[in-house]
Amino acid sequence: MKKLNSFLLKSYIGPLVLTFFIGIFVLLMQFLWKYVDDLVGKGLDLWTICKFMFYACWTFVPMALPLAVLLSSLMFFGNMGEHYELVALKAAGIPLRQSMRPLIGVCFGICLLAFFFANNAAPKAYLNYRVLYHEIRTKKPALDIPEGIYYKQIDGYTIRVDKKERDGAHLQGVQIYDHTAHKGNTNVTMAERGYMQTSEDGRYMTLTLYDGHSYGENAEMGQGMRDNNRDNDVAYPFTRVQFEKQILLFDLSSFQMPEATADMYDRHQRTLGIKALSAQYDTLKTTRDARQAEIARSIETQYYHLAHYYGQDSVRRTEVPSRTSETEKAYADWRTGLGVAAKLQAAAKAENFRSDAQYYRNDMYYRNEQVNSYAVEWHKKFSLSAACLVLFFIGAPLGSIIRKGGIGMPGVVSVLLFVLYHVLTVIGEKAAIEGVMGSFWGMWLAPLIYLPFGILLTVQATVDSSFLDADTWRRLLGRNKAVA
């Protein structure tokens, strides 16, 4: 048995590692497709892009492990069934459940590994990824002035170039509009040619212009003439300067990556472990409950004030008061001219009450979502780990029933099963965050649905039932057609 267990483990580890990296690659491609707009055109160096993808890959590990277990189990047992190795083991008195036993131990180890990544490595990787992504997203596109287009990425300037040489530095037909004074196109510089050069640190750009003119309004001279003129209708004088060579310096500090610190995301639910999530959940829940009590007191106070303006000073929560002499007098005043002011005041109070109630509702909705998101993340770390074991009991017996090896049929079946599992997980997560169902049931929805099917498949495969055999269904359908 030791040799058999060793053979099974060695044969299973290879497909497991292969499918794991395939899963990481698929998730990374999906990730890059989602964020490609934030990466393209920023002039990012290779090291920054590699770091960004490296941090993202570490966050994919808890999700890639269940997919790897499912696909590798289907491939491994399907290959053994296709080559009649399972038949040989059963003929030797070794049932399927005994063949699965060493691999179940491996899956338990994978569950612990997935939990370790979800609780320790993934939060740190997600924190670094979010900080780097914030820097990339807030960075402006790289300085690349196109031909024949007004380029407005440099703050306070608009630049147009008729033609660029192959080196990208020599320019022909340069137009520069200076908007730093915030007075429109009052200062324009035009040159027949120019040369563009960026400093080594990338903070400044030097633009040397040749054979051109500068047009503008002399604001200081125009203001002096306006002060000496009582009619105050003197326009600014227009100036025109011709030059053979002019050097302009542009500040490119806005193109540099802004600094982002870990403090911006250190309390995000995906950057915390189990203990930190529990502490943060308790804090947010206490704050939410205190805010809910405060809102209840505020609504009660506003309710009594509103009732006072309607002439109901003795309004209670559970009953409407009967008309007394005081309320009859207030109602009579309402009907007369004396009640007009009270009516307007009551209407204003009612409108304020409605606006406050809407604000309170949105505030509590946000706080409930925030509290639920931390509870969901806490359960998610366990449910993703348990998914490795649940999906193994789906893939292993299903592979022995399908009896197809390779990555073709097992790949299609595993992708469909994992996509369905992922859809159920997302639905449960969204429902739990919005408060439609509890956080436990939301995050354990997919495992609880898949577990009975895993048990059923394992039992059917162990007892050699023909219920899931394709040939049995093919013969049964053929017989029904013949009878019809």
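## Aromatic pairs

Two rings of Phe, Tyr or Trp (its six-membered ring) count as a pair if their centres lie within 6.5 Å. By that rule, this predicted model holds 23 aromatic pairs. One of them joins Phe-392 and Phe-393: the ring centres are 5.7 Å apart and the planes stand at 75°, so the pair is edge-to-face, the cut-off for that class being over 60 degrees.

These two partners are worth a look for their surroundings as well. Phe-392 is buried, with a relative accessible area of 0%, whereas Phe-393 has 23% relative accessibility and counts as partly exposed.

Elsewhere you will find one aromatic cluster formed by Phe-31, Phe-52, Phe-60, Tyr-126, Tyr-129 and Tyr-133.

## How H1 meets H2

Now to the helices. Helix H1 covers residues 2-39 and helix H2 covers residues 46-82; their axes come within 5 Å and cross at roughly 140°. H1 and H2 are therefore oblique to each other, and their crossing is right-handed. Sorted by class, the contact between H1 and H2 has 27 nonpolar residues, 5 polar ones and no charged ones.

Our last stop is Ala-276, which lies in helix H6 (residues 274-309). With 32% relative accessibility, Ala-276 counts as partly exposed.

Definitions and conventions:
Residues numbered from 1 in each chain as written. Predicted model: local features only at pLDDT ≥ 70, side-chain atom pairs only at ≥ 80, totals over all residues. Heavy atoms only, no water. Phe/Tyr/Trp six-rings, centres within 6.5 Å; stacked < 30°, edge-to-face > 60°. Buried < 20%, exposed > 50% of the residue type's maximum accessible area, 1.4 Å probe, protein only. Helix = DSSP H or I, 4+ residues; strand = E, 2+ residues; numbered from the N terminus. Axes fitted to C-alpha atoms, helices over the stretch in contact; angles between N-to-C directions. Parallel < 35°, antiparallel > 145°, perpendicular 65-115°, else oblique. Left-handed = near helix turned anticlockwise from the far one by under 90°. Nonpolar A, V, L, I, M, F, W, Y, C, P; charged D, E, K, R; others polar.
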